[in-house]
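Hi everyone, thanks for coming.

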Amino acid sequence: MPDPTTDAPARAATPVTRPDGPRATTREGAAATSEARLAPPVTVKCLVWDLDDTLWQGVLLEDEQVVLPDPIRAVITGLDARGILQSVCSRNDHEPAWARLRALGVAEYFVAPQIGWGLKSDAVRRIADQLGFALGTIAFIDDQPAERAEVAYHLPQVRCYDAGMATTLLDRPEFTPTSVTVDARRRRQMYQAGQRRADEQARFTGPAEDFLRSLDLAMHIRRADAATLSRVEELTLRTSQMNATGVHYPDRTLRTLMADPRYEVLVTTLTDRFGPHGAVGVLVLQKHPGVWHLRLLATSCRVVSFGTGTVLLTWLTDQAARAGVHLIADFRPNDRNRMMEVAYRFAGFDEERCACRDRIAVDADRAVQRLHLMARRQPAPSTFHLTAPDLAGPAPVGAG
């Protein structure tokens with residue numbers, strides 16, 4: 001196996017992937033640097049902090065007091081406000097280190113902390129795994145070149161930063177999301193609520209449906225407006241496993257659809273007794289005489305276990321039955337959204353021929369399947385408190 005003490009610095013020197021490395025001196029390196037400047041960097045989703053002489057001034061095992069400088073505190077709160085999660089990876093005993101973070105008033109900002117005496121690359125990998133983030137979205141900051149080199153060697157996708165760069169992070173493009181939604185600003189709180197929820201579920205001994213009832217789940221379906229538009233766009237972009245078509249609807253397209261009376265653009269939010277889940281679903285529905293065309297259904301993977309997709313489809317089916325219309329749903333199969341197809345089939349959608357199909361233009365994309373449902377009234381959900389608009393209107397329209 002290559003020696004990480006000799007190979008890691010060479011990798012860490014590449015300016016395209018290692019922010020604390022020297023400038024490229026070869027023609028290839030210069031070309032790669034030029035290409036990197038043209039492409040926007042992948043936004044960091046989680047910054048992992050070392051503690052001693054990085055997050056705070058001093059070494060906990062040697063100094064009576066360690067100090068958190070105000071500029072570093074401003075970086076911590078600034079990243080949190082942008083929806084960038086933060087964690088800790090430190091060579092210390094966990095209890096005194098965590099107690100010091102609490103005393104400094106910043107412990108609440110750090111999720112999935114790894115404080116101990118093992119390899120830092122292992123700790124960073126555990127943080128990424130626990131958060132469910134790709135390594136390419138993780139950043140690591142440490143004052144020790146050897147620690148950065150060790151992480152760079154074993155996890156070359158992780159971006160490493162010298163502690164001296166800490167106060168510049170808020171100015172760097174990789175720490176500056178293009179937009180910060182309401183959900184992004186409370187991403188840490190939602191993650192922490194999720195941890196408490198998971199802990200309670202692990203201790204719960206009854207049936208799964210009883211646990212869901214105990215959560216006091218409240219689903220709100222509402223028409224999208226300017227305030228929620230960015231959350232709708234983000235859901236269509238980020239959701240893949242539970243996206244029926246894989247289509248991303250940009251802001252401009254969504255605004256056009258929202259202004260068209262033939263369309264319904266609906267956003268779904270979810271809360272429970274642990275806190276908000278944020279925006280968890282989006283529907284784009286086109287209304288034709290006698291048939292409603294579900295152009296898009298996407299739900300967050302975070303709430304799959306709650307049956308959110310099933311509740312949405314059941315509600316929409318009931319609305320269509322009340323309006324006296326059939327439903328046609330677009331579905332484009334891929335290697336990730338099999339669960340969405342199961343949800344459609346379980347709801348009763350099939351490929352039955354019906355005259356209502358003739359009222360919908362043929363899709364140029366041959367991969368799109370048009371699934372059909374003759375809607376019937378549905379019972380209210382038993383595990384959710386549901387608040388939703390009335391799409392049926394005052395007068396039913398005859399089905400085709």
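Let's begin with a term: a nonpolar core is a set of buried Ala, Val, Leu, Ile, Met, Phe, Trp, Tyr and Cys residues joined through side-chain atoms within 4.5 Å. Keep in mind that what you see is a predicted model.

So, which residues touch the most other members of the largest nonpolar core? That core has 40 residues, and the answer is Trp-292, Leu-294, Leu-316 and Tyr-344. Helix H12, residues 308-323, gives the most to this core, with seven residues. Find Tyr-344 on your screen: leaving out residues up to four places away in sequence, Tyr-344 touches Leu-294, Phe-331, Phe-349 and Leu-371, among others. Apart from this core lies another one, of 31 residues, including Leu-51 and Tyr-161. In soluble globular proteins, nonpolar side chains tend to be buried together.

Now over to helix H3, which covers residues 70-81. From first C-alpha to last, H3 reaches 16 Å, close to the 16 Å expected for its 12 residues. Its buried residues are Ile-72, Val-75, Ile-76, Gly-78, Leu-79 and Asp-80. What do they pack against? Strands E1 and E2, plus helices H7 and H8. Just after H3, Gly-83 has a positive phi of about 85°.

Last stop: Thr-383, in the loop between strands E11 and E12. Is Thr-383 buried or exposed? Buried, because its relative accessible area is 14%, and the cut-off for buried is under 20%. Beyond its neighbours within four places in sequence, Thr-383 contacts Glu-209, Leu-212, Arg-213 and Leu-217. Leu-217 is 166 residues away in sequence, yet the two C-alphas are 6.9 Å apart in space.

Terms used. Residues numbered from 1 in each chain as written. Predicted model: local features only at pLDDT ≥ 70, side-chain atom pairs only at ≥ 80, totals over all residues. Heavy atoms only, no water. Helix = DSSP H or I, 4+ residues; strand = E, 2+ residues; numbered from the N terminus. Buried < 20%, exposed > 50% of the residue type's maximum accessible area, 1.4 Å probe, protein only. Contact = heavy atoms within 4.5 Å. Expected span 1.5 Å × (residues − 1).
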